[in-house]
Amino acid sequence: MNRTRILLTAAALLFASGAMPVLADDIVLGGSAPMSGAQAEFGQSQIDGAQLYFDQLNEKDGIKGNKVVFRPLDDRADPRQGTLVAQQFCDDSAVIGVIGHMNSGVTMPALDIYSECGMPQVVPATNPELMRMGFKTVVRPVANDFVQGALPAKYVTEKLGLKNAVLVHDKTVFGQGIAGVFKDNFEAGGGKVSGTYGTNPEDVDFSALIASIKLENPDVVYMGAGMPQLALFLKQMREQGLKAQFIGPDIGFTVDFITQVGAASAEGALMTFQLPPYDSSPELKDFSDRHQARFGRAPGPYASLGFANAQVMAAAVEKAESLDRAGVLAQLHGVTVDTLLGPVAFDENGENTTAPMYLYVVKDGKFELIKQ
Amino acid sequence: MFDYFLQQLIFALAIGAIYGLIALGYTMVYGVMRLINFAHGEFFMLGPYIYTFLFSGLVGLGGLAPVLDSAIAIVASFVIVGLLGVAIERFAYRPLRAYGRLAPMLSALGMSIVLQSAVRVTVGPQPVHFPAIVPSTPIDALGGMVTTVQLGILAAGVLLMVGLTLFVNGTRLGIWIRAASESWTTSSLLGIRVNRAVSLVFFIGPGLGAMAGIMYASYYGIMQPTMGSVIGLKAFTAAILGGIGSIPGAMLGGFLLGAIEVFGTAFLPILSFGYIGTEYRDVFAFAVLILVLLFKPAGLLGETVSEETTVAKKDY
């Protein structure tokens, strides 16, 4: 009787310790993106995608027999909160790698903190500058804004033969930067930019601006701005009867864009995005099904990117000779992985050598991929 | 060029009507209480949210004709937001009246945060699509393009302003308001219940703000919890421009600010040969405000109030 009780207690203790969140041998990886606020939909989808991959790894005995613990923190798309999160990951010696942050403006100040504590970092943010600041602790599997601005410029000049563009941007690092990239490529393709207009990031009324753009009579309007400004601009543009081809960047790639503009007015708008649609390959379809099964909802806009970033991070951990920051860091730049989104290998800046970019058009109230 | 000017004038009038309606709320409260109600932008934001809630509720219950549904929802939003304004004055401002002018103002700032966060927590932070009340059909007029929504906003805005002017100048309740803004002491000696006048002002001001919010949301097609902050600041500027405390001043200030913004965007790049871009619009608008205040500190239509009167009002 007594012995049974002791045995039971011992078993219970063992069981309890097994259920504890972090064991000495667990591999702890951090992740950060906006999980609340206006961009929560994008941020949460990345976190979910990464979680899905780590779950899958753990089902197959983790990495080298060690369980992976993924620890996501909310940066609220706020640079101040982002630096706090970075400090928190750095201070926790169990964390040996971080996937984050989603926004370029949040990533930029955090880079310094991560590099200081030797933290290997996989970055999903897209500003070209990030990889040219000289930090050796970062890699970026996703395409940057040079690619994002170049693709639609090439498409409209070569395929659609449109040569007269007007640029609108919201004066942010992202908006102004990407409009500039579009301009360079559009002019290189033989087009002419007849005007560049700045707005304020919080503006909602573009009617006066659109009336003066109408005087230029452009056949392309490229807008580097956020949401809901992209939607508001296109809505007001169509209301004034300006029929030019509208092009926007990745932030507009959401169903909200179409509902806010109205399906009829949104028809034909072009949008660039870093990821292919979820029904474009058997692997992505399978990913989508597993996402549905795990979370009970279809994958959000950046879920497949989160999954691919997790694959890159896991590959570096797998190759590491010692399971600490220095070990992972030594392998980070050299990894070559065949991810969900295609092969990934990094150049000397840490940029993916073959990062793809996709162009979508709004058709019948839905985004449809344009085959290149 | 004349077509272009006319087109811009229509935009200026539509946005000016919205600014003017919100500015009325700031100015009426300031006129009676010498309080800047920083929570006013949130009443503007609550308008479309409450409207949407009521409208979808009515439609969900089977509803009447869509026109009637939305008319009922509009009137009910005015009343609900108005009553909320009265309640906020009663419980968040009135108990602080004895503690100088700073305490109620801070309380107003707090109310603004409370209201905004409440909507953000319950409905969510993301911008929500707001279906237009009047279908937005573009009309070709005089060489420009006007939408039915713009015309509707202008008509409704002017109607509300005329209604308010008649109410304040022509009715017994209006006399209360005017008397209370002249002097609390004298009006209470003459048998006017000043607190009722205050409540009345806190009913009408937020109600008008809610109307402006509904117009604004159906103009741009979206609503979001933070929409009151930026536009509230603009309308506050309009109120100061026209002379805070003056009702016709708020209307004038609203239209003027709308015009400065729109014509700034439209003509700054042309007049400066492209050196000054459209993004300088706000710089231009606020520079005009500073100039007006330098030469006419009480605003365009504001009465010049001596320091003694202000003190007397506070110490009533």
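Analyst: Let's start with His101(A), which sits in the loop between strand S3 (95-99) and helix H4 (104-116) of chain A. Helices (H or I, at least four residues) and strands (E, at least two) are DSSP runs, numbered from the N terminus. The model is a predicted one, in which local features need pLDDT of at least 70 and side-chain atom pairs count only at pLDDT 80 or more, while totals for chains, interfaces and linings use all residues. Residues are numbered from 1 along each chain as its sequence is written, and chains are lettered from A and ligands numbered from 1 in the order in which they are written.

What is the form of the peptide bond from Gly100(A) to His101(A)? That bond is cis, with omega near 0°. Most peptide bonds are trans, and most residues other than glycine have a negative phi.

Pro34(A) belongs to the loop between strand S1 (27-33) and helix H2 (40-59) of chain A. With 25 other C-beta atoms within 10 Å, Pro34(A) is buried; the label calls for 20 or more such atoms, while 12 or fewer means exposed and anything in between partly exposed, with C-beta atoms placed from the backbone. Apart from neighbours within four places in sequence, the contacts of Pro34(A) include Asp74(A), Asp75(A), Arg76(A), Ala77(A) and Met102(A). Here, a contact means that the C-beta atoms of two residues, placed from the backbone, lie within 7 Å.

Pro228(A) lies in the loop between S8 and helix H8 (229-239) of chain A.

Strand S8 takes us into a sheet. Seven strands of chain A form this open sheet with mixed pairing, in the order S7-S6-S8-S9-S10-S13-S14; two strands pair if DSSP finds at least two bridges between them. Strand S7 (192-198) and strand S14 (366-369) of chain A are at the edges with a single partner strand each, so one side of each has no neighbour in the sheet. Ignoring direction, neighbouring strands are turned by 25° against each other on average. Angles run from 0 to 180 degrees between N-to-C directions, and axes are lines fitted to C-alpha atoms, for helices over the stretch in contact.

Within the sheet, strand S6 (residues 164-169) and strand S8 (residues 220-224) of chain A pair in the parallel sense over five bridges. One of the residues involved is Ala165(A), whose bridge partner in S8(A) is Val220(A). Helix H5 (residues 145-159) of chain A packs on the sheet, touching S8, strand S9 (245-248), strand S10 (270-273) and strand S13 (358-363) of chain A, and its direction makes about 145° with that of S10(A). Helix H7 (residues 207-216) of chain A also packs on the sheet, where it touches S6 and S7 of chain A at about 170° to the direction of S7(A).

Between H7 and S8 of chain A comes a loop that holds Asn217(A). Phi of Asn217(A) is near 50°, a positive value in a residue other than glycine. Asn217(A) has 11 other C-beta atoms within 10 Å and is exposed.

Chain B has a positive phi too: Arg34(B), not a glycine, shows about 55°. Arg34(B) is placed in the loop between H1 and helix H2 (40-60) of chain B, and with 19 C-beta neighbours inside 10 Å it counts as partly exposed.
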